[in-house]
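Keep the structure open while you read.

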Amino acid sequence: MVKKTADGLILLATLLILSTGTVFAAPPIKIGGLFSVTGPASFLGEPERNTAQMVADQINAAGGIKGRKVELIAYDTQGDATKAVQAATRLVKEGVVAIIGPSTTGDSMAVIPVVERAKIPLISCAAGIKITEPVKPWVFKTAQNDYLAVARIYEDLVQRKMTRVALLTVSDSFGSSGREQLKALASRYKITIVSDDTYGPKDTDMTPQLTKIRSGQAQALICWGTNPGPAIVTRNARQLSLKIPLYMSHGVSSKKFIALAGDASEGIVLPSGRVLVADLLPKSDKQKKSLLAFVQEYQKRFKAEGDHFGGHAWDAMMLLKGAMERGGATPAAIRAQLEKTRNFAGIGGVFNFSPTDHSGLTKDAFVLVQVKGKDWVLVK
Amino acid sequence: MSHQILQYILSGLSTGAIYSLIGIGFAIIYNSTGIINFAQGEFVMLGGIMTWFFLSVFQLPLIAAMVLAIALSTAVGVLFERLTIRPLRNASPLILVIITIGASILIRGMAMLIWGKDTHSLPMFTGSEPLTVAGATLLPQHLWIFGITLFIIAVNRFYFHHSISGKAMRACSHNRRAAGLVGIDVKRMVLFSFAISSALGSVAGIITAPLTMTSYDVGIMLGLKGFCAAIIGGMSSGIATVVGGLLLGVLESLGAGMVSSGYKDAIAFIILLLILVIRPQGLFKKAETERV
Amino acid sequence: MGSERTNLLKFLLFSGSVLVAPVLFSGGYLMNVLVFVGINTMLAVALNLLLGYAGQISLGQAAFFGLGAYISGVATATYGLNPWAAMGCAAAIVGLIAFAIGFPILKLKGHYLAMATLGFGIIVYIAFNETVELTGGPSGLTGIPYFTAGTVQFDSDMKNYYLIWGFALMTILLSVNLVNSRIGRALRAIHDSEVAARVMGVNARLLKVQIFTLSAVISSVAGSLYAHTMTFISPASFGFNFSVELLTMVVIGGLGSVYGSFLGAALLTLLPEFLRTFQDYDIVAYGLLLILMTMYMPGGLVRIPSFVSPILAKIKAGVGKHA
């Protein structure tokens with residue numbers, strides 16, 4: 001008992017010394033985070049928030065940025081535009097030098113007026129093309145544009161000499177953005193969309209849509225959604241013995257998808273960030289070092305698979321870190337340095353920002369992968 | 001074309017069976033308390049997710065996991081009634097409705113903290129090879145859903161019409177005060193109704209999870225659809241609500257396949273609204289004289 | 001029922017506090033939250049007219065709010081209409097829709113009415129999502145302009161605060177006057193017994209539809225204000241959840257009390273801000289608070305004074321005895 005009290009006192013004393021130590025150090029750099037940690041888009045917000053915190057801790061453990069610690073202030077937007085604006089306003093008033101997120105295109109579009117007015121750089125983790133086109137001075141993003149993923153699928157279709165496709169997309173912002181790009185790019189690849197169906201994010205049975213597609217003329221089916229919808233589509237397709245090849249989006253590029261869809265997922269092809277196949281990449285791959293670092297650290301810390309959604313936050317944090325190390329920790333300096341970022345090999349791809357391009361990626365950001373023997377393999 | 005329509009109808013019936021089960025849960029509570037229990041969908045979630053939990057984390061056999069999940073969901077239902085509904089016997093139904101909304105948020109939040117936000121899948125009860133029926137396909141799991149739904153409806157009917165406590169519950173639903181006067185323990189009947197409907201909800205969750213998968217937030221939409229099924233059935237805790245659920249499922253499925261998949265829910269709801277406007281007393285009830 | 005003078009006094013006192021509130025909060029992020037408190041107050045007061053006074057439930061109130069926002073948004077962002085004109089158009093269109101559907105829908109009672117309004121809400125929500133060419137679909141509608149008056153652009157929280165609270169105060173004044181008028185008495189009669197009210201010569205059906213329409217128009221104006229303050233809207237803000245949240249505001253604030261609706265709106269809008277510190281637990285805390293508040297304050301927040309004053313009186317009496 002006495003010993004325990006003594007131990008406690010020593011611990012207290014150490015804590016006191018440590019805390020007084022930090023009082024004299026420079027104040028931490030505040031970085032804001034807006035993630036949809038709960039609500040329908042929590043599959044994005046959760047890994048993003050986890051990753052951002054992980055990177056912040058890593059930076060601090062390595063001594064901070066130019067001797068200053070970083071402090072991540074992360075708020076939940078619940079995937080609701082109103083809450084996102086309130087949280088963004090709060091972050092601005094709390095004096096953050098930059099904001100990472102939001103997770104969804106809708107939330108991002110909602111907070112853009114707030115950050116533009118406050119002149120605080122925002123690095124969105126959402127994919128919507130509207131976020132950075134037209135270019136807004138203070139807004140950047142790390143998630144790959146959907147049309148890059150669409151282009152990968154269409155190229156593969158052209159190679160396999162297929163021209164008629166059926167679409168089945170989820171009716172939320174992820175699905176509708178994919179649907180828009182699938183329709184917009186079809187003519188460039190001489191592809192005809194023979195049917196265009198949707199399903200609700202919480203739907204539990206897609207056999208009606210698939211029955212209709214089965215009786216149509218499509219040579220391939222492209223499904224655009226995030227778990228669990230595409231897994232249900234995969235199982236329903238198997239039940240209806242749909243014979244045409246099934247393409248999915250990068251929204252389900254995770255081992256989780258194979259676990260959910262089971263045997264029915266065999267042979268499915270989809271465009272994915274390199275993070276899914278990090279260990280299969282050749283040594284020469286520029287991103288390999290970042291990818292392995294991210295995947296291993298995430299596994300260690302959260303006992304879960306680091307996916308490319310978490311990767312968007314990893315890229316955003318690293319881009320910020322780079323900008324602050326080169327320029328300094330003021331919003332204006334960060335903005336200027338972000339725009340000058342060249343050849344940053346992150347998780348989502350190799351970023352090259354410029355005054356006319358605030359999304360920074362090319363279609364090399366995606367590789368095609370396929371389910372073989374209950375695992376993902378690269379399509380050559 | 002005809003086997004296509006058969007497929008739509010079969011798919012619709014299997015989704016509709018689930019709406020029916022949830023709808024009956026709504027109706028049982030409504031009839032004994034006058035409350036629309038917005039937490040009903042959460043019991044569907046609890047059934048599915050707890051079965052997954054016992055199955056994959058504790059490695060229990062499927063039957064044991066299912067029984068445990070139903071027992072625990074029922075316990076949650078009983079606890080919910082005891083802690084919130086019983087102390088407020090004299091509150092207005094609207095106040096009680098808000099409490100059920102609070103409870104659904106609370107249960108969903110707890111589930112999120114305990115089991116995380118991931119979606120989980122359950123194995124099919126027996127095999128996953130599709131069966132062909134006149135050109136349309138079904139999974140063995142669909143037969144389980146139809147079988148269990150039928151079984152539950154039969155048991156329900158027997159309980160409400162042939163057992164003492166079932167008859168007492170029906171008496172409560174007709175007139176609570178009169179039931180109390182003839183010596184029926186109304187409080188106990190209310191507790192029973194919560195127990196039965198949470199058990200029903202969890203069964204619905206368990207038998208569908210192998211097809212639809214489960215996660216902490218599956219309850220919201222299913223609860224809403226079950227609510228609609230109960231209303232089409234005029235809040236009956238019998239066949240009418242079952243027909244209501246099946247009708248909703250088939251309408252959705254036909255709407256998705258033949259008209260527009262994006263508007264399928266809207267089509268179903270427009271038809272429901274028309275039914276309501278033409279027959280404001282529900283689809284199957286005879287018009288009642290209005291009580292002043 | 002307070003007399004006309006106390007009503008006026010109450011209103012002036014309330015307006016005064018609204019006027020000076022920014023002095024306390026200016027510069028902080030709470031200013032931004034208070035803007036939304038204003039919008040939610042309008043919505044809650046409008047729903048309370050229907051629910052608390054006429055006794056008619058609506059689970060589709062968010063649809064009228066959304067229609068106001070989307071009509072305003074599309075008319076200005078796509079067709080370049082002036083925001084003020086757009087707000088007027090939206091209110092007129094929404095009023096017409098409400099009036100048209102009011103007759104068949106309000107024939108229904110109790111949970112059938114709940115179901116019908118819920119169905120209407122879901123249909124409208126689906127329409128926002130599916131008419132992608134018009135509304136931008138699930139990813140939302142961008143480029144909605146701010147309100148302008150002469151050379152002043154309402155682009156800051158401070159300016160929008162006064163703009164929106166101007167409308168909110170007008171809504172409150174209108175509602176207080178309405179419920180204390182002959183119409184208000186007729187409405188309460190319908191609430192207590194529709195048949196009795198009809199016997200007394202109240203045209204119950206028309207009156208219900210009128211109040212339903214008024215409630216929809218106020219919600220539509222709130223929607224336009226929301227659209228031109230946010231400059232971005234997406235369907236997620238106008239779903240079933242928000243209808244339920246509005247219902248909760250009204251019940252927690254106090255059925256049949258205009259100022260109660262303000263209290264409910266303020267509490268439910270501010271609460272998430274205070275719960276943020278709980279991180280992932282905030283959703284659980286929110287559910288728990290909702291249950292506890294409804295359990296222990298079934299009359300709503302507005303009954304707190306009447307709940308506290310007997311205690312205060314007792315304390316006073318006790319103090320008096322000892323002195």
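**Chain C and its partners**

Q: How many residues does chain C give to its contact with chain B?
A: Contact means heavy atoms within 4.5 Å. Chain B supplies 42 residues. Chain C supplies 40 residues.

This is a predicted model, where local features need pLDDT of at least 70, side-chain atom pairs count only at pLDDT 80 or more, and totals for chains, interfaces and linings use all residues. Residues are numbered from 1 along each chain as its sequence is written, chains are lettered from A and ligands numbered from 1 in the order in which they are written, and side-chain values use heavy atoms, with hydrogens and water left out.

Q: What area is buried between chain C and chain B?
A: Buried area is the accessible area (1.4 Å probe) that two parts lose on being put together, summed over both. Carbon and sulfur atoms give 85% of it here. The area buried between chain C and chain B is about 3,700 Å².

Q: Which residues of chain C lose the most area to chain B?
A: Three residues together make up 18% of what the side of chain C buries. They are C:His111, C:Tyr112 and C:Met115.

Q: Which element gives the largest share of the side of chain C that touches chain B?
A: Helices (H or I, at least four residues) and strands (E, at least two) are DSSP runs, numbered from the N terminus. The elements giving two or more residues to this side are α5, α11 (240-253) and α13 (282-296) of chain C. The largest share, 12 residues, comes from α5(C).

Q: How many salt bridges does the rule find across the interface of chain C and chain A?
A: A salt bridge is a side-chain nitrogen of Lys or Arg within 4 Å of a carboxyl oxygen of Asp or Glu. The side chains of A:Arg90 and C:Glu273 meet in this way (3.0 Å, N to O). Across the interface of chain C and chain A the count is 1 salt bridge.

Q: What area do chain C and chain A bury between them?
A: This contact takes 28 residues from chain A and 32 residues from chain C. Carbon and sulfur atoms account for 51% of the buried area. The value is about 2,500 Å².

**Within the chains**

Q: Why are α8(C) and α10(C) called roughly perpendicular?
A: Axes are lines fitted to C-alpha atoms, for helices over the stretch in contact, and angles run from 0 to 180 degrees between N-to-C directions. Angles under 35 degrees count as roughly parallel, over 145 as roughly antiparallel, 65 to 115 as roughly perpendicular and the rest as oblique. The axes of α8 (residues 182-192) of chain C and α10(C) come within 11 Å and cross at roughly 110°. Therefore the two helices are roughly perpendicular.

Q: Which residue meets A:Asp57 in a salt bridge?
A: The N to O distance is 2.9 Å. The pair links distant parts of the chain, 244 residues apart, with A:Asp57 in helix α2 (residues 42-61) of chain A and its partner in helix α10 (residues 288-302) of chain A. That partner is A:Arg301.

Q: What is omega for the cis peptide bond that joins A:Asn227 and A:Pro228?
A: Most peptide bonds are trans. A:Pro228 sits in the loop between β8 (220-224) and α8 (229-239) of chain A. Omega is about 5°.
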